[in-house]
Amino acid sequence: MLRRRPRPGAFLRLFATSCRRSSLHPSQPRLPNPTALPPPPVAKKVPFTVSAHGRSWSDPYHWMRDTCDPDLAALLAAENTYADAFVGSAAGGGLRARLAAEMRARLPPSAATPPQPWGPWLYYQYVPEGKEYPVLSRKLKPSRGLAGALLDYLSGSEKEQVLLDWNEVAEKNGYVHIGSCRISPDHRFLAYTVDTSGGELFFLEVKDLQSEHVIFSSPDKGTVFVMESDNVREGLWPIRKRVDKVQYFLEHHNGFLYILTNAPVNDTEMTTDGYYLARCRAEKSLVDRWQTVTFPGSDCTIQDMDIFHDNLVLFLRKNGTPLFCSISMPIDVDVQEPKELNDLNPWYFPIPSNLCSIIPGSNNDFMSSTYRLVVSSPVIPDLTVDYDLRRRTFTILHQEEVTSLSANLGTVDLQCNVSSIQQNLQLVENSQSWSDLSKLFTCKRIEVISHDGVLIPLVILYSREAHHHGESPGILYGYGAYGEDLDKSWCSERLSLLSRGWVLAFADVRYVQLIELQGGGDLSWHLAGTKANKINSIQDFAACGMHLIKEGLVHQNRLGAIGCSAGGLLVGAAINVHPDLFSAAVLKVPFLDIRNTMLDPTLPLTVLDYEEFGDPNIPAEFEAICSYSPYDNLSPGVCYPPVLVTASFNDTRVGIWEAAKWVAKVRAITCASCSQSVILKTNMQSGHFGEGGRFTHCDETAFEYAFLMKALGLDDIAMA
């Protein structure tokens, strides 16, 4: 849930004027000469005053809220021209293209997922050679035996049926974002939601897979609810009254409704610290009689569940490690008293290490005893693994190909926690192993002491060969909101930095819901990064950056930061508090103007964000927002590091004006020399999540990396 690579270059470009940052950071970039680049755009100022709680302040860039204003379109076009010229001058003009070519070369010409059986069909997705987006297809399962195979061949049943081609939708509309995509239980219909504007306004289409025609398309772009029942006259069954901050996730199985919830237990007033599993009879007169099946334990949390005919699959987290386990169904134990999770005889899925990212695959078949996951880590390219829930074994089906590194991969054996999640991961099977890059790259998880003594998880990744202690550049990634930890799954694009000696670090700072990482479910962690305590997240992030420099992992003048969406707020606020800590930053669709935004309840996500950032209608929470708002805490005359701010014009989560206002204000009030290296790049057709094409993503990442290399004076260093 989102809100929104070791020496200075030989041909460093220099600004004509000096500033304090140049003496502190000698490797900082400087413009080639007064005529090499156009001057930075200057935004107009229109007087506007905002008032709240007896305070008033000027906001001369408030006019940017009107996205129809032609002056805004002209400003964004000028900013794009300046950003392209700035990054285009890196390494004599060829760095961005070279990086993009490197990233594209690592991608296989085409990519496909292993077929997943469901009923008589095999369903799969693939990206055709040279295309940006996937195609959803299916084939009939082959008949067994030679005679059956011959019959399949003669009858043409092996022919592929294309169900949905994202590329066709993109070519027709110029943009595509597929939301949900579901096959009906009888395999006759395909329902999917699609956004063709980038504004996250999805409309529903239903396709008849026999006639291959779209038989329904919602007239309006919105959320469509469908209910089908054998007895519609009964209407909807109320399960529980809606309560603030309480969530319910229901699944039906064998006459019971299983409920994953954080609802109060035994009618107490307080909600629980996390989710637990309950159930009730699936009868209208009995749905209010809940039985608690299991609590996860004091050192573990339940994140999600899937139910099948013979198994319940739970997604857990323990000490920051994702775990999946299965429990045989139906659950026949006496649940008058809640059971410990281990009393239900769970089988914990084997995983390679405690640094893995695990994402469920498309597990649509309720009768299946096989559960598919995609497993990866910073050093393990994506693996597709099928877990046999009945036999408690696994099969490795596929691993993402990395074309330039395939000859250098090592192998690791599958590990699992067999008897208890409190024990270390143990080796359970040697029959299969998968490739990883641990021989080439170091990946470790440590804990950093923050300003108040709290330990902050930090994952650090670097090349064993290219890293130079005390000299290497680095990037610190942060997010810190909505209970979401950072994505640490495999990303081949990072190899362009790692191979140049860069250190990549991922800081999971304090924020709501990450209770399993501190004190075994201690509620203090749950609340210690939200509302008035948001400054803790900011100081946690800074502490992780300081640790990288203090330990010599990163050179003191070569530390960059990257934050996306709410992570942009985190990084922007950290730069305000510690302007000399980071030597460059990338803020992607950043939430920067939080005070003004949270005062406007007409915006789509404002009221929902009160729980995360605070309600500005409450004076104390308003003051807390004012204390860290990146836009409102820029310091006049201070030397700010080079910053690339990226934005999307159709973003409905974080308005385009937030990035544009922040850049304009930085240029207006901070060091005039330094602010020339603060640039804004806007995608004029995409939304909050950008464009989904794999080659387009390479181009966007290459732009960011080229900026960082130029900003740190390392843009002429070739790959090691």
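User: What makes α3 oblique to α14?

Analyst: In this predicted model, the axes of helix α3 (residues 95-106) and α14 come within 8 Å and cross at roughly 135°. Axes are lines fitted to C-alpha atoms, for helices over the stretch in contact, with angles from 0 to 180 degrees between N-to-C directions. Under 35 degrees is roughly parallel, over 145 roughly antiparallel, 65 to 115 roughly perpendicular, and the rest oblique. So α3 is oblique to α14.

User: How do you know which residues of α3 meet α14?

Analyst: Contact means heavy atoms within 4.5 Å. L95, R96, L99, A100, M103 and R104 in α3 meet residues of α14 including F695, C698 and D699.

User: What do we know about the model and its numbering?

Analyst: Residues are numbered from 1 along each chain as its sequence is written. As the model is predicted, local features need pLDDT of at least 70 and side-chain atom pairs 80 or more, while totals for chains, interfaces and linings use all residues; side-chain values use heavy atoms, leaving out hydrogens and water.

User: Why do β27 and β34 count as edges?

Analyst: Strands pair if DSSP finds at least two bridges between them; strands are DSSP runs (E, at least two residues) and helices too (H or I, at least four), numbered from the N terminus. The open sheet runs β27-β28-β30-β29-β31-β32-β33-β34. β27 (441-449) and β34 (678-683) each have a single partner strand, so one side of each lacks a neighbour in the sheet.

User: How do you know β29 and β31 pair?

Analyst: Five bridges join them, and they run parallel. Y477 stands opposite I562 in β31.
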